[in-house]
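Thanks for asking me to look this one over.

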Amino acid sequence: MAKKAKKRAPAKKAASRRPRRVPKMLSDLFLETLKDIYYAENKIIKTLPKMAKAAHSKDLAAAFNKHLRETQGQVKRLEQIFGMLDKPARGKPCEAINGITDEGAEIMKDFKNAPALDAGLLAAAQAVEHYEISRYGTLRTWAEELGMPEAARLLQDTLDEEEATDHTLTELATSVINLEAEAEYREAA
């Protein structure tokens with residue numbers, strides 16, 4: 001006896017089987033960028049003491065140590081913002097800051113005891129500052145747009161500190177560090 005062919009239900013389209021993705025919103029981007037800068041700040045806390053120790057200039061070492069204390073406060077501000085979002089303070093690896101700090105470590109290794117060491121350390125520190133200034137400016141703007149005035153204020157406080165540190169480093173570079181590196185080079189030649 002021949003078997004009767006069973007009728008198959010029409011196949012569902014593959015797209016309808018996949019769960020619908022919720023579109024990512026500015027609030028999601030804000031949180032992801034907050035995680036990024038939280039990671040970066042904690043990485044910087046580990047890096048600044050090494051840079052201060054490597055610096056020949058007492059003024060440069062003092063600037064690094066001052067910024068270390070500021071950075072610790074900045075991490076506390078970020079933790080406050082995570083709290084406002086009812087999210088745990090957790091970073092996500094940031095390849096940008098890893099690359100910048102790796103360059104700084106390479107400068108410390110390649111220019112150890114060289115006249116240009118402090119100029120290189122200062123340049124690496126300013127690369128970090130410029131990255132942070134970019135991130136904090138963006139986060140502050142997004143916080144304003146998301147209706148988070150307290151987070152925006154905290155982010156602005158940090159942005160002000162980062163800009164002041166960048167200004168201090170520029171002053172050190174142009175008034176002392178770069179000139180000393182060049183003078184030491186000329187004396188050695």
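1. The largest nonpolar core has 49 residues, and F30, L60, F64, L121 and L155 touch the most other members. A nonpolar core here is a set of buried Ala, Val, Leu, Ile, Met, Phe, Trp, Tyr and Cys residues joined through side-chain atoms within 4.5 Å. Helices α2, α3, α4 (95-110), α5 and α6 (149-188) each supply at least two residues of this core. The largest share, 13 residues, comes from α5. As background, nonpolar side chains tend to be buried together in soluble globular proteins.

2. A word on what you are looking at: this is a predicted model, in which local features need pLDDT of at least 70 and side-chain atom pairs count only at pLDDT 80 or more, while totals for chains, interfaces and linings use all residues. Residues are numbered from 1 along each chain as its sequence is written, and side-chain values use heavy atoms, with hydrogens and water left out.

3. Now the overall layout. The protein chain has six helices and zero strands, giving the pattern α-α-α-α-α-α along the sequence. Helices (H or I, at least four residues) and strands (E, at least two) are DSSP runs, numbered from the N terminus. Of the 189 residues, 40% count as buried; buried means under 20% relative accessible area, exposed over 50%, and partly exposed in between (1.4 Å probe, protein chains only). The chain exposes about 12100 Å², with carbon and sulfur atoms supplying 54% of it; these areas come from the Shrake-Rupley method with a 1.4 Å probe, and for residues only the protein chains shown count as cover.

4. Contact means heavy atoms within 4.5 Å.

5. Back to L121, one of the core residues that touch the most other members. Leaving aside neighbours within four places in sequence, L121 is in contact with M51, A54, A55, L60, F64, I107 and M108.

6. The expected span is 1.5 Å times one less than the number of residues.

7. Helix α5 (residues 117-145) has 29 residues and reaches 42 Å from its first C-alpha to its last, close to the 42 Å expected. Just after α5, G147 takes a positive phi of about 70°.

8. I would zoom in on D36, which lies in helix α2. D36 is buried, with a relative accessible area of 7%. Its side chain has a polar contact of 2.5 Å with the side chain of Y131 and another, at 3.2 Å, with the side chain of R135. A polar contact is a pair of N or O atoms within 3.5 Å; within protein, one must be able to donate a hydrogen and the other to accept it, and residues adjacent in sequence count only if both atoms are side-chain atoms. Not counting residues up to four places away in sequence, D36 touches K92, C94, Y131 and R135.

9. Which rings form an aromatic pair? Y38 and F82 do, edge-to-face, at 5.4 Å centre to centre with 80° between the planes. Rings of Phe, Tyr and Trp (its six-membered ring) pair if their centres lie within 6.5 Å; planes under 30 degrees apart count as stacked, over 60 as edge-to-face and the rest as tilted. Y38 lies in helix α2 (residues 26-54) and F82 in helix α3 (residues 58-84), so the pair ties together parts that are 44 residues apart in sequence. Y38 counts as buried at 11% relative accessibility, and F82 is buried at 0%.

10. Is K112 buried or exposed? K112 is exposed, with a relative accessible area of 61%, and sits in the loop between α4 and α5. Not counting residues up to four places away in sequence, K112 touches I107 and L117.
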